[in-house]
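Subject: Model handover

Hello,

Please find the model below, followed by notes on what turned up in it.

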Amino acid sequence: MFSHCAVCGIKFEREQGYFIGAMYINYGATVFLVFMGYFIFKLFTPIPFIVNFGIWGVISAIFPTFFYRYSKSLWLNIDYALNPNC
């Protein structure tokens, strides 16, 4: 990740621990996706419990890895919206 935006110059890496909020966003998105997916599969498909549980267990391990960069971007946008002077 770059230290500053090439267009507007906003500083991405602010201080140590700054992106803990991004981890919360990532965790929340993962939990929402997995719970909703599990219950939708449970209601609308005849697959057994262990298969459904396994599918969403694997997704819950892989999804946060790919979504983390987007959660960091969302966190930066939330911070910029609430404190645009930084």
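Is Phe49 buried or exposed? Phe49 has a relative accessible area of 53%, so it is exposed; exposed means over 50%, buried under 20%, and partly exposed in between, with a 1.4 Å probe and protein chains only. Phe49 sits in helix H2.

Some ground rules before the rest. This is a predicted model, in which local features need pLDDT of at least 70 and side-chain atom pairs count only at pLDDT 80 or more, while totals for chains, interfaces and linings use all residues. Residues are numbered from 1 along each chain as its sequence is written, and side-chain values use heavy atoms, with hydrogens and water left out.

Overall shape

The protein has 2 helices and 0 strands, these being DSSP runs numbered from the N terminus (H or I of at least four residues for helices, E of at least two for strands). Its radius of gyration is 17 Å, well over the 12 Å that the globule rule gives for 86 residues, so the protein is more spread out than a compact globule. That radius is taken over C-alpha atoms, and the rule is 2.2 Å times the number of residues to the power 0.38. Along the principal axes, the C-alpha atoms fill a box of roughly 55 × 25 × 20 Å. Of the 86 residues, 22% are buried.

The nonpolar patch

Phe32, Met36, Ile40, Phe41, Leu43, Phe44, Ile47, Phe49, Ile50, Val51, Phe53 and Ile55 make a nonpolar surface patch of about 1,200 Å². Patches are made of residues with over 30% relative accessible area and no salt bridge, where like charges are joined within 9 Å and nonpolar side chains (Val, Leu, Ile, Met, Phe, Trp, Tyr) within 5 Å. A salt bridge here is a side-chain nitrogen of Lys or Arg within 4 Å of a carboxyl oxygen of Asp or Glu. Areas come from the Shrake-Rupley method with a 1.4 Å probe, and for residues only the protein chains shown count as cover. Helices H1 (20-44) and H2 (49-82) each supply at least two residues of the patch, and H1 gives the most, with 6.

Aromatic residues

There are 7 aromatic pairs in the structure. Rings of Phe, Tyr and Trp (its six-membered ring) pair if their centres lie within 6.5 Å; planes under 30 degrees apart count as stacked, over 60 as edge-to-face and the rest as tilted. Tyr18 and Phe19 have ring centres 4.9 Å apart and planes at 80°, so this pair is edge-to-face. Tyr18 is buried at 9% relative accessible area, and Phe19 is buried at 8%. For Phe67 and Tyr70, the centres are 6.4 Å apart and the planes at 40°, so the pair is tilted. These two are 3 residues apart in helix H2, and therefore about one helical turn separates them. Phe67 is buried at 18%, whereas Tyr70 is partly exposed at 49%.

One aromatic cluster is formed by Tyr38, Phe39, Phe49 and Phe53.

Lys72 lies over the face of Phe19, 4.6 Å from the ring centre. A charge counts as over a ring if NZ of Lys or CZ of Arg is within 6 Å of the ring centre and within 35 degrees of the ring normal. Arg69 lies over the face of Tyr70, at 6.0 Å from the ring centre.

Regards
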